[in-house]
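Could you take me on a short tour of this structure? I have it open in my viewer and would like to know what to select next and what I will find there.

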Amino acid sequence: MNAAISAGDTAWVLTATALVMVMTVGLAFFYGGLVRPKNALNTMMMSVVALGLISVQWVLFGYSIAFGHGSPLWGGLAWLGFRGVGVDPDPAYAATIPLQAHAMFQLMFAIITPALISGAIVERMRFRAYVVFLLLWATFIYDPLAHWVWGAGGWLQKLGALDFAGGTVVHISAGVSALVAARMLGARRDFKRTAIVPHNVPLVLLGAGLLWFGWFGFNAGSALAANGLAALAFTNTNTAAAMALVTWACLDLVRTGKITAVGAATGLVVGLVGITPAAGYITAPASLAVGALAALVSYTAIQIRATTRLDDSLDVFSCHGLAGTAGAMLTGVFATKLANPAGGDGWLAGNFAQMGVQLVAVLATVALAALGTAVILTIVKATVGIKADVRAQLRGLDLSEHGEEAYFGEQGAIAGPGTALGESVVVSAVATEPLGAPATG
Amino acid sequence: MKLITTIVRPDRLAEVKAALFRAGVTGITLTRVSGHGGEQEIVEQYRGTTVVMEFHEKVKIEMACSEPFVQPCIDAILSSARTGEVGDGKIFVQPIERVIRIRTGEVDNAALTAVNADAVQREALKHVQHAGAGAGAGEEES
């Protein structure tokens with residue numbers, strides 16, 4: 001065993017890794033509850049399939065592209081198949097934990113990021129097209145972007161951009177890609193024709209709760225050590241989520257006279273998004289401001305989006321793209337070496353130039369995500385075909401794409417195709433002696 | 001013989017059922033239905049989406065009654081389902097041509113008489129005596 005490895009640090013990072021893994025499951029519940037029952041499985045599978053696909057991609061070549069010691073633009077192919085990714089620490093990332101712990105921790109980020117995009121394209125995208133999109137997006141957008149910001153020698157890192165746990169890499173990139181994807185895919189057949197409302201709000205709350213829980217791993221784990229920085233990030237994470245929830249509830253109360261559950265769930269997630277880039281660089285009082293402002297920006301954007309023809313179905317751009325941008329810019333405002341001596345100073349600490357650096361990081365992320373997503377979707381559209389036809393959308397994608405139902409016998413329109421009225425016939429089961437039926441022979 | 005169909009508020013169902021049983025009407029069929037009447041629409045908010053629920057949840061109860069039971073049945077429903085607010089529902093009374101009990105092949109009034117008719121009648125009478133004159137009037141609504 002390498003002497004530099006710290007048992008405490010390794011234990012925390014491995015724990016945090018498992019916490020972040022649960023976030024993708026939470027996301028499946030969060031998104032799954034927000035769609036209609038006939039698309040619940042399809043929507044949840046968009047997150048679940050990422051757990052499988054991206055894990056495989058990561059070991060084969062993803063981690064190498066993102067974190068190999070390559071050029072400022074990408075990590076290269078030296079670590080293909082985890083060759084050289086062993087139990088010894090790599091001081092470029094964390095001197096006290098095995099490199100494999102770092103690889104697995106980062107894998108969970110790579111899994112949830114493209115899954116976030118799925119919220120914009122639910123209830124209408126062919127599943128096979130989504131899977132191809134997922135693989136290409138992870139490889140050509142997420143992996144290089146992660147290298148720019150966190151990889152050894154990445155150009156945004158060298159520039160001094162502050163992104164503690166992935167405000168740019170994860171949330172802005174996913175949010176902007178979601179916007180582009182929603183536009184290119186077009187609206188759902190029922191969009192603005194009938195009321196489309198969440199089918200299971202308790203699932204939404206369950207998912208939001210799991211996201212909050214997992215986010216402690218996401219942010220506090222990004223310290224890559226069990227130390228004061230992890231505690232700072234933990235504190236800021238909870239504070240911002242709480243503040244955003246309270247802010248959202250107040251905005252709901254003022255606008256409609258009632259506090260909503262979907263609003264509370266959305267608000268807390270937005271606060272978590274906002275604090276992500278800032279978690280390890282700002283003080284606890286500043287995280288109150290980050291939570292409140294992220295909620296304000298996102299809430300306003302959702303109200304405006306609802307008046308447009310844009311079918312960003314679950315408001316991924318408003319919740320992740322804009323709250324992520326707010327968080328990235330607010331990091332430039334509130335960052336202070338009083339909170340984290342190894343971090344940086346922002347505007348309020350007398351370093352206005354940091355705002356410029358943050359802006360460059362945001363714009364570079366937006367450019368790569370928007371252009372990359374447009375190119376990938378154009379290719380997928382031309383080869384695999386991208387949109388479920390009207391008939392499939394009416395039946396629901398659970399039936400048309402997966403051949404199963406979240407709530408057996410209850411889906412589709414009344415007496416529509418696929419509706420099981422009365423008893424179903426089991427085709428694949430072995431025929432047995434009928435119970436209680438009169439013998440025929 | 002009459003087919004009595006009534007549409008009532010779901011939250012009055014328990015009282016309506018109790019009143020009908022007391023009146024001796026035990027053969028009933030329930031359906032959950034949605035309907036539009038004079039009631040104010042419910043507004044729901046989900047993020048940026050405002051949904052106006054134009055249809056209200058109601059319960060439809062259907063029962064076939066022989067003639068002596070028709071008026072007590074109507075009285076029972078009126079006394080138990082009424083709140084005085086818009087949206088209390090309706091009662092429809094239609095003639096029935098034939099009734100056949102599938103188990104025995106009995107027809108018409110014989111088919112409508114409950115199997116435990118004697119017990120039901122005794123129970124119903126007890127309540128009529130308790131409530132005094134005007135069967136079903138002044139139910140226990142508290």
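Welcome! Start in chain A with helix 3 and helix 4, which make a right-handed crossing. Keep in mind that this is a predicted model.

To find the pair, select residues 99–117 of chain A for helix 3 and residues 127–150 of chain A for helix 4. These two helices pack at an angle of about 115°, and their axes are 10 Å apart.

Next, show the side chains where the two helices meet. From helix 3 of chain A, pick Ala110(A), Thr113(A) and Pro114(A). Their counterparts in helix 4 of chain A are Leu134(A), Trp137(A), Ala138(A) and Tyr142(A). What classes of residue make up this contact between helix 3 and helix 4 of chain A? There are 6 nonpolar residues and 1 polar residue, with no charged ones.

Now move over to chain B and display the strands. Here 4 strands build an open sheet, and reading across it gives the order 2-5-1-6, with antiparallel pairing. Which strands of chain B sit at the edges? Strand 2 (29–35) and strand 6 (90–95) do, each pairing on one side only. From one strand to the next, the twist averages 25°.

Zoom in on strand 1 of chain B, residues 2–8, which pairs with strand 6 of chain B in the antiparallel sense over 6 bridges. For an example, select Lys2(B): its bridge partner in strand 6 is Pro95(B).

Definitions and conventions. Residues numbered from 1 in each chain as written. Chains lettered and ligands numbered in written order. Predicted model: local features only at pLDDT ≥ 70, side-chain atom pairs only at ≥ 80, totals over all residues. Pairing = 2+ DSSP bridges. Axes fitted to C-alpha atoms, helices over the stretch in contact; angles between N-to-C directions. Left-handed = near helix turned anticlockwise from the far one by under 90°. Contact = placed C-beta atoms within 7 Å. Nonpolar A, V, L, I, M, F, W, Y, C, P; charged D, E, K, R; others polar.
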